[in-house]
Amino acid sequence: MREERAVYLTPFYYGETGVASKLRAIMDAPTPPPRSAERVVSVSSTGMALSEQQLQAVRALLSPEGKVMVLTGGPGTGKTTTVRAMIEVCEKRGLRYALASPTGRAAKRLAEATGRPAKTIHRLLEFSPQEGFKRNAENPLPIDLLIVDEASMLDLLLANHLLKAIAPSTRLLLVGDVDQLPSVGAGDVLRDVIASGRAEVIRLDVIFRQAQDSLIVTNAHRINRGQFPEFPNSARDFFMFTKDDPDEAAELIVDLVSQRIPKKFGLRPSDIQVLAPMYRGAAGVMNLNLLLQAALNPPAPNKPERKAGGTLFRVGDRVMQTRNNYDKDVFNGDIGAITTLDLEEQTMTVNVDGRPVIYDWIDADELVLAYAASVHKAQGSEYPCVLLPLLTQHYLMLQRNLLYTAVTRAKKLAVIVGSRKALAMAVKNNKVAQRYSALDVRLRGSPSL
């Protein structure tokens with residue numbers, strides 16, 4: 001094995017070494033004596049029968065090998081059902097556990113899917129802008145098991161803070177789809193933990209019969225295998241409209257969102273999320289937001305509006321929070337609608353999940369229009385309908401994991417607008433941008449690191 005000199009920015013060096021040492025401490029911690037054999041029930045509380053793979057995962061969770069465990073798999077393979085079954089086993093054994101995700105939207109989805117409370121990692125660690133993370137090595141979380149969903153989004157620095165806050169006796173379960181886009185921040189934590197060979201890894205690969213009827217699920221798996229998606233005449237939830245010209249594609253997208261999809265499928269325009277690979281260009285996030293704003297929320301005498309930071313905000317606009325704001329209890333990726341805009345008080349009220357959030361005008365730079373968003377911004381989220389422009393002008397971003405991530409954000413309907421050539425380019429391009437990391441080597445305990 002060839003050795004190379006590595007140069008790190010200081011925070012990333014200590015982040016990587018910290019994550020490695022803490023994971024090794026959990027893996028190497030003494031295991032308490034096993035309890036008397038306990039049969040794992042093969043049916044979850046939802047009434048769904050567990051597959052042999054799922055049963056294996058539930059059994060492994062409390063085994064000596066499962067102190068650091070990864071549960072991965074594509075859509076329709078039953079990750080959520082498996083996690084629910086794991087939680088039920090923990091509750092029967094009286095074990096203390098916590099559920100967390102890197103983003104607010106992912107935490108909300110996790111809570112809805114499991115029926116148990118879930119928090120963002122920052123909330124779990126009781127982060128405050130003034131004091132930092134209150135949960136740390138001196139004040140660890142009082143839990144026996146930590147379950148982290150959407151773990152592909154977990155970057156190196158956040159992972160280090162998280163692991164500081166759990167004792168070596170605490171078990172760690174990372175749940176995520178390793179084939180999605182990697183974290184926005186530095187590192188490739190989930191992939192490196194798997195590559196190290198030190199964690200117990202369960203990959204669910206059997207698509208449940210209920211999911212086999214969904215073209216979204218079957219095409220997502222085809223894309224992940226490098227196969228061109230299918231568009232049969234009998235399709236009900238996955239479609240493609242062929243357009244090679246970006247301006248024509250943008251025009252069609254506006255028509256689909258404002259007219260055709262609502263009329264045919266009974267969805268509201270607010271149920272439809274346009275996800276674009278790039279920000280610039282006729283079919284990029286910025287231009288599509290302007291076109292969709294004009295079509296869905298045109299100016300009117302009874303709609304106050306004001307420009308801030310180059311963006312025109314209008315009452316009724318769909319907007320997205322772009323950073324975590326713990327004072328307002330809103331998080332990066334949260335989507336809402338502007339309900340009031342007070343020009344005298346210089347404030348704007350945004351309805352986020354049924355809750356009014358008031359912004360002083362100076363805070364408006366935390367918001368962007370959200371009729372269209374980047375695929376990266378959609379990580380950890382799901383939408384009733386996803387509409388994806390895909391053109392050869394997006395060639396810099398035409399990658400399989402980006403296409404796969406976009407498609408798997410759709411719950412009921414996925415629509416691609418663009419060229420078949422661009423789609424083929426994305427399906428064939430499986431070159432994941434290399435993340436320079438030695439976490440997997442450090443987890444194996446290399447004496448030279």
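Predicted model: local features only at pLDDT ≥ 70, side-chain atom pairs only at ≥ 80, totals over all residues.
Trainee: Why is Arg191 called partly exposed?
Mentor: The relative accessible area of Arg191 is 25%. Buried means under 20%, exposed means over 50%, and partly exposed is what lies in between (1.4 Å probe, protein chains only). A value of 25% falls in between, so Arg191 is partly exposed. Residues are numbered from 1 along each chain as its sequence is written, and side-chain values use heavy atoms, with hydrogens and water left out.

Trainee: What makes the pair of Arg191 and Asp188 a salt bridge?
Mentor: A salt bridge needs a side-chain nitrogen of Lys or Arg within 4 Å of a carboxyl oxygen of Asp or Glu. Here the N to O distance is 3.0 Å, so the pair passes. Asp188 counts as buried, because 11% relative accessibility is under the cut-off. The general idea is that side chains of opposite charge can pair when their charged atoms come close.

Trainee: How many salt bridges does that rule give?
Mentor: The count comes to 19.

Trainee: What makes Arg442 and Glu16 one of them?
Mentor: Their closest N and O atoms are 2.6 Å apart, so that pair meets the rule too. Arg442 lies in helix α14 (residues 439–443) and Glu16 in helix α1 (residues 10–28), so the bridge ties together parts that are 426 residues apart in sequence. Helices here are DSSP runs (H or I, at least four residues), strands are runs of E with at least two, and both are numbered from the N terminus.

Trainee: Are Arg442 and Glu16 buried or exposed?
Mentor: Arg442 has 8% relative accessibility and Glu16 has 1%. Each value is under the cut-off, so both count as buried.

Trainee: Which polar contacts does the Glu16 side chain make?
Mentor: A polar contact is a pair of N or O atoms within 3.5 Å; within protein, one must be able to donate a hydrogen and the other to accept it, and residues adjacent in sequence count only if both atoms are side-chain atoms. The Glu16 side chain makes one with the side chain of Ser437, at 3.5 Å, and another with the side chain of Arg442, at 2.6 Å.

Trainee: Which residues are linked with Arg109 in a network of salt bridges?
Mentor: Glu150 and Glu382 are linked with Arg109 in that network.

Trainee: Why is helix α9 described as mostly covered?
Mentor: Helix α9 spans residues 215–224, and seven of its 10 residues are buried. Among them are Leu215, Val217, Asn219 and His221. At the start of α9, a side-chain oxygen of Ser214 comes to within 3.2 Å of the backbone nitrogen of Ile216. Just after α9, Gly226 takes a positive phi of about 85°.

Trainee: Where else does a positive phi turn up, in residues other than glycine?
Mentor: Glu126 has a phi near 55° and is placed in the loop between α5 (121–124) and β4 (127–128). Asp353 also has a phi near 55°, in the loop between β15 (347–352) and β16 (355–360). Glu126 is partly exposed at 34%, and Asp353 is partly exposed at 48%.

Trainee: How do you know that Glu88 is buried?
Mentor: Glu88, in helix α3 (residues 79–92), has a relative accessible area of 13%, so it is buried.
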